[in-house]
Amino acid sequence: MANQGIQKESLVETKEATTAKQSATAQANEAPENGIKGLKHWRQDMLAGLVVALVSVPLSLGIALASGAPAVCGLTSEIIAGLVFPFLGGAYVTVSGPAAGLAPVLFAAITALGEGDMQKGYHLVVGVIMLVGIVQIVLTKLNAARFCQVLPLSAVHGMLAAIGFLIIGKQIPNLIGHQYKAHEFFAVLAATPGELAHMTPSVFFISCLCLTLLFVLTKFKRGFLGAVPPQLIVVLIGLSLGQLFHLDEKYLVKVPSNPFAYGFVFPDLGALFADPKLIPTVILMVVALTLVDGTESLATMQA
């Protein structure tokens, strides 16, 4: 009788384990959904969303700064992308937010439109971004994404590699703690040996340490270091060292106390088209942003 009881309990446990496994398999194979319907797994999504937010906040701030825009714009862009985009369609293989690949193009647009005045250029480039959005909606309705198959992979890889080099070049002045007069990639590289004499040692030490940790921590697959995203650990270490070294405010990211009051800038289309000399630049920037953004997004989804 005792053996029969044990066998019955074993059968029950086996059935429960099989049911749980089938449920997990069905959930894994379940097609994701957008909007309210997609919130049925909100418990898992809460943890995933928290991890993504902690990693993407410093990343979004960095992308905004690399683009020549105020840092707070990285936060507002991330909030809009995270809250609004899923209800408009969403994407199952990407995380919505500011794109690093657009930073060099946006920086060039802000510099060209503002004629050296980054604040003015940013206000004008917001209108360009709105026009890019309209063009992308039209291209989507025309099912233009099918033409991405025509693009050679070498062209896409070359474009993404060039964007990566441009981002690296823009970050070299921040790495050593001294801003350059040069802004172009090769000009920055040429000026770097002479600018090293003006570096800020504490900033350079923190930069090199965080950069090294970012590569080293990715090798840990188990334990605490394997469970926590390396980017989050590096950000926390950078924050701690910044306070320890009492870094000057000019080396810190500046975010207004009320991001919603200063982070939303509406397009100034009147000023954008008031100067006829800017119209060719506006057209060029709309085409460039549309192509770079569309190509990068489609290449990411294919990957």
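Trainee: Helices (H or I, at least four residues) and strands (E, at least two) are DSSP runs, numbered from the N terminus. Which helix has Val-287?

Mentor: Helix α14, residues 279–302. Keep in mind that this is a predicted model: local features need pLDDT of at least 70, side-chain atom pairs count only at pLDDT 80 or more, and totals for chains, interfaces and linings use all residues. Residues are numbered from 1 along each chain as its sequence is written, and side-chain values use heavy atoms, with hydrogens and water left out.

Trainee: How far is Val-287 from Val-135?

Mentor: Their C-alpha atoms are separated by 9.0 Å. Along the chain, Val-287 and Val-135 are 152 residues apart.

Trainee: Zooming out, how many helices and strands are there?

Mentor: The protein chain has 14 helices and zero strands.

Trainee: What share of the chain is buried?

Mentor: 27% of its 303 residues.

Trainee: And how much of the contact is between residues 24 or more positions apart?

Mentor: They make up 67% of the contacts with a separation of 6 or more. Contact means heavy atoms within 4.5 Å.

Trainee: New topic. At what angle do α2 and α3 cross?

Mentor: Roughly 130 degrees. The axes of α2 (residues 42–66) and α3 (residues 72–83) come within 7 Å. Axes are lines fitted to C-alpha atoms, for helices over the stretch in contact, and angles run from 0 to 180 degrees between N-to-C directions.

Trainee: Which residues meet there?

Mentor: From α2, Ala-53, Ser-56, Val-57, Ser-60, Leu-61 and Ala-64. From α3, Gly-74, Leu-75 and Glu-78. By class, the contact of α2 with α3 has five nonpolar, three polar and one charged residues. Ala, Val, Leu, Ile, Met, Phe, Trp, Tyr, Cys and Pro count as nonpolar, Asp, Glu, Lys and Arg as charged, and the others, Gly among them, as polar.

Trainee: How many disulfides?

Mentor: The count is zero, with a disulfide taken as a pair of cysteine sulfur atoms within 2.5 Å. For Cys-208, the nearest cysteine sulfur is that of Cys-210, 9.6 Å away.

Trainee: Why does Cys-208 count as partly exposed?

Mentor: Because its relative accessibility is 28%. Cys-73 is at 6%, so Cys-73 counts as buried.

Terms used:
Buried means under 20% relative accessible area, exposed over 50%, partly exposed in between (1.4 Å probe, protein chains only).
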